[in-house]
Amino acid sequence: MFEGLSVALVTPFKDGALDEPATERFVDFVVRGGADALVVAGTTGEAPALTRDERRRLYALVKSANGGRARLVAGTGTNVTRDTIELTAEARSAGYDGAMIVVPYYNKPTPAGLVAHFTAVAKAVDLPLIAYNVPSRTGTNMLPDTVVRIAQLDSVVAIKEASGSLDQVSAIRARCDLTVLSGDDSLTLPMLAVGARGVVSVVGNVAPRAMRDLLSAFAEGRLVDAEAIHRRLTPLMRALFLESNPSPTKSLLADLGIVVNELRLPLVPVEPATALAVRDAAKVAGILLPDPTGVAR
């Protein structure tokens with residue numbers, strides 16, 4: 001149910017608070033760009049820096065701005081199972097279509113601990129769940145043997161795979177029926193070739209239509225077109241991770257006039273050289289950027 005283009009949304013801030021008007025504009029921009037689903041309060045959304053009240057308000061804002069056009073997924077995973085259950089229950093109460101549960105970070109659970117974690121959440125809250133494996137952030141790689149075990153839980157319907165290993169994706173596809181979603185924009189095309197059904201995208205924040213076109217070209221068998229889009233977007237995909245996500249993405253969104261370039265500590269705006277590199281990559285991707293006089297170029 002979560003195939004296609006999911007966009008891991010940034011969270012707009014202004015003067016230390018949620019920027020509600022910018023959130024509404026931003027959601028409309030992404031949905032009009034072709035997003036099938038919006039992922040709210042994930043890593044790209046600076047979830048650890050949000051209060052519970054801000055999460056609730058953000059859920060409501062995004063749902064209202066979306067207007068039923070795209071599916072809604074809340075990032076509710078933490079490194080405490082109790083807190084994950086509570087956040088997932090709040091997402092269900094907010095009327096969201098699913099929750100994304102990241103592998104618990106910092107405490108490095110064993111495979112048995114991972115199975116127990118996902119089982120507890122699945123039993124506590126009746127909501128479709130997307131498991132999220134991102135070893136570079138969590139310090140733990142959820143291997144295919146463990147994925148197969150949590151795939152037996154009825155409510156675990158998909159996995160966002162960001163291990164960077166096509167072999168791992170292939171092993172998951174061979175051993176269970178979970179929908180596999182790419183967790184790395186630059187690996188989306190090769191992951192589609194080994195059975196992935198979509199992507200949870202960062203570059204979709206700034207170029208949703210291009211990512212939509214890549215997925216459509218692959219699905220329609222237009223592989224030369226899909227590769228051409230992939231090659232055009234690759235410099236931007238890389239540039240958006242020159243510094244910690246989502247700092248480069250917010251820099252570009254600010255250049256586009258969509259959000260204010262504000263993050264919450266310990267994240268800070270990117271260095272000037274990075275901002276320039278991101279702008280240059282955006283131009284290669286075909287994104288029109290205003291110059292200081294306000295003229296697109």
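In this predicted model, strand β5, helix α3 (residues 81–93) and strand β6 form a β-α-β unit of right-handed sense. The strands β5 and β6 (residues 98–102) are parallel and share three bridges, with Val73 having Gly98 in β6 as its bridge partner.

A right-handed β-α-β unit is also made by β4, helix α2 (residues 52–66) and β5. Here β4 (residues 37–40) runs parallel to β5, and four bridges join the two; Ala37 lies opposite Arg71 of β5. Of the five residues in β5 (residues 71–75), four are buried, so the strand is largely enclosed by the rest of the structure.

The charged side chains come next. There are 15 salt bridges in the count. One network of them links Arg52, Asp53, Arg56, Glu86 and Glu90.

Asp28 pairs with Arg32, their closest N and O atoms lying 2.7 Å apart. The two are four residues apart in helix α1 (residues 20–32), which means that about one helical turn separates them. Asp28 is partly exposed, at 24% relative accessible area, whereas Arg32 is exposed at 61%.

Another salt bridge joins Arg212 to Asp36, at 2.3 Å from N to O. This pair links distant parts of the chain, 176 residues apart: Arg212 belongs to helix α9 (residues 208–219), and Asp36 to the loop between α1 and β4. Arg212 is buried, with 16% relative accessibility, while Asp36 is partly exposed at 24%.

Arg222 and Asp225 also form a salt bridge, with an N to O distance of 2.9 Å. Arg222 is partly exposed at 34% relative accessibility, and Asp225 is partly exposed at 35%.

Terms used
Residues numbered from 1 in each chain as written. Predicted model: local features only at pLDDT ≥ 70, side-chain atom pairs only at ≥ 80, totals over all residues. Heavy atoms only, no water. Buried < 20%, exposed > 50% of the residue type's maximum accessible area, 1.4 Å probe, protein only. Pairing = 2+ DSSP bridges. Right-handed = clockwise from strand over helix to strand, strands pointing away. Salt bridge = Lys/Arg side-chain N within 4 Å of Asp/Glu carboxyl O.
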